[in-house]
Amino acid sequence: MTQRVDLATVMDRLAIDEVVTGYAVAVDDGDWAAYRALFTPGGRADYSSAGGIEGPAAEVADWLAETMGLFPVRQHLIVNRLIRLEDRGGWPGDRAEVLADFLNPMRLAGPGSDGAVTAPNFVAAGRYTFAVARTARDGWRLTRVTVHEKWRHVSA
């Protein structure tokens, strides 16, 4: 590979990482317009392993907007990102897959006797598979997100 190709690959990896981080921020902040904007027009999301739905990103965003209302405090920690770029004979392609572990602590909504929120904590963990594609207009975008939940825990 040439230095130019190596630099392009580094830039692609940074751009893909930004999409994955943008995903976590959009979900945590409840920014469903930003969530939708991360996907290609035909993009899909699959939360079925966590008891959710699978479908077009816009439909899933509507479902998330309703479901995440149960958790006024949430924080996705997406770590151990393994980015596998498409290789076209030594040249970077326009597709990639990202495997990334997640730890997702959240607090369920619930009023206490003094009006303070005193609800149990909810933690889910597992691995995401992000499929991404380079688009001519918007750069790297998600074509599919699949959640592979491995465990969850509820505590007081």
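Analyst: Two residues are in contact when heavy atoms lie within 4.5 Å. This is a predicted model, where local features need pLDDT of at least 70, side-chain atom pairs count only at pLDDT 80 or more, and totals for chains, interfaces and linings use all residues. Residues are numbered from 1 along each chain as its sequence is written, and side-chain values use heavy atoms, with hydrogens and water left out.

User: OK. What does Leu-142 touch, not counting residues up to four places away in sequence?

Analyst: Leu-142 touches Val-19, Tyr-23, Leu-38, Phe-39, Thr-40, Gly-43, Phe-130, Ala-131 and Val-132. Leu-142 also counts among the residues of the largest nonpolar core that touch the most other members.

User: What counts as a nonpolar core?

Analyst: A set of buried Ala, Val, Leu, Ile, Met, Phe, Trp, Tyr and Cys residues, joined through side-chain atoms within 4.5 Å. Buried is under 20% relative accessible area, exposed is over 50%, and partly exposed is in between (1.4 Å probe, protein chains only).

User: How many helices and strands in total?

Analyst: Three helices and seven strands. The order from the N terminus is α-α-β-β-α-β-β-β-β-β. Buried residues make up 40% of the 156 in the chain.

User: Switching to rings. How many aromatic pairs?

Analyst: Nine. Rings of Phe, Tyr and Trp (its six-membered ring) pair if their centres lie within 6.5 Å; planes under 30 degrees apart are stacked, over 60 edge-to-face, the rest tilted. One of the pairs is Tyr-23 with Tyr-128, edge-to-face, at 5.2 Å centre to centre and 80 degrees between the planes. This pair links distant parts of the chain, with Tyr-23 in helix α1 (residues 3–29) and Tyr-128 in strand β6 (residues 121–135), 105 residues apart.

User: Are those two buried or exposed?

Analyst: Tyr-23 and Tyr-128 are both buried. Tyr-23 also pairs edge-to-face with Phe-130, at 5.3 Å centre to centre and 75 degrees between the planes. That pair again joins helix α1 to strand β6, 107 residues apart. Phe-130 is buried, like Tyr-23.

User: Which residues do ring pairs link into a cluster?

Analyst: Tyr-23, Trp-32, Tyr-35, Phe-39, Phe-102, Tyr-128 and Phe-130.

User: Now Thr-9. Why is it classed as buried?

Analyst: Because its relative accessible area is 15%. Thr-9 sits in helix α1. Leaving aside neighbours within four places in sequence, Thr-9 is in contact with Leu-85 and Pro-92.

User: And Ala-50, where is that?

Analyst: In the loop between β1 and β2 (54–56). Ala-50 is partly exposed, because its relative accessible area is 26%. Beyond neighbours within four places in sequence, Ala-50 contacts Val-147, Glu-149 and Arg-152. Ala-50 and Gly-126 are 76 residues apart in sequence and 9.6 Å apart in space, C-alpha to C-alpha.

Technical notes: Helix = DSSP H or I, 4+ residues; strand = E, 2+ residues; numbered from the N terminus.
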